[in-house]
Amino acid sequence: MREVKPRNGLLIDYEYCTGCKACVVACAQEYGWGPGMGGMRVMEVIQPLPKDKAYLGFLPFPTESCVLCAGRTRKGLKTACEQHCLANVIRHGPVQELAKALEAKPRQVLWAPR
Ligand code: SF4
Ligand code: SF4
């Protein structure tokens with residue numbers, strides 16, 4: 001039987017994301033991305049609420065350019081975005097473990113590329 005290689009991914013708890021974009025900058029510095037390019041984007045989410053109020057949230061999400069910092073993690077280092085996230089909301093690891101953590105808490109995104 002063919003052995004299935006465990007996949008890695010990123011789990012991002014966007015509930016506590018401050019929108020600081022340190023993850024975007026860290027990825028750009030690590031890989032030399034130019035403006036508008038990179039492995040991470042942070043989207044601003046504005047949700048109108050009653051009585052002229054609004055909820056402002058942030059949704060960080062990896063792009064197809066994310067290589068999961070394979071070179072760094074092979075050396076036992078954290079991914080650059082995980083390392084520099086001041087709110088400590090990015091976690092890299094095996095998809096199965098991350099999926100369990102996702103089940104335990106809502107308002108997170110799981111990125112698990114092939
Ligand atoms: S894991 Fe690495 S390549 Fe992917 S977004 Fe984070 S810093 Fe960029
Ligand atoms: S570094 Fe962390 S807190 Fe800042 S935008 Fe990225 S995910 Fe959010």
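Around ligand 1 sit 14 residues, and the closest are Cys27, Gly39, Cys66, Cys69 and Cys81 (a residue counts as near if its C-beta atom, placed from the backbone, lies within 6 Å). Two elements give two or more residues to this shell, α1 and α3 (80-84), and α1 has the largest share with three residues. Helices here are DSSP runs of H or I with at least four residues, strands are E runs of at least two, and both are numbered from the N terminus. This is a predicted model, where local features need pLDDT of at least 70, side-chain atom pairs count only at pLDDT 80 or more, and totals for chains, interfaces and linings use all residues. Residues are numbered from 1 along each chain as its sequence is written, while chains are lettered from A and ligands numbered from 1 in the order in which they are written.

Now for ligand 2. It's surrounded by 16 residues, with Cys17, Cys20, Cys23, Cys85 and Ala87 the closest. Here the elements giving two or more residues are α1 (22-31) and β3 (53-62).

Next, the sheet. Three strands make an open, antiparallel sheet in the order β4-β1-β5 (strands pair if DSSP finds at least two bridges between them). Since β4 (90-94) and β5 (109-111) stand at the edges with a single partner strand each, one side of each is left without a neighbour in the sheet. Strand β1 (residues 8-12) pairs with β5 over three bridges, in the antiparallel sense; Ile12, for one, has Val109 in β5 as its bridge partner.
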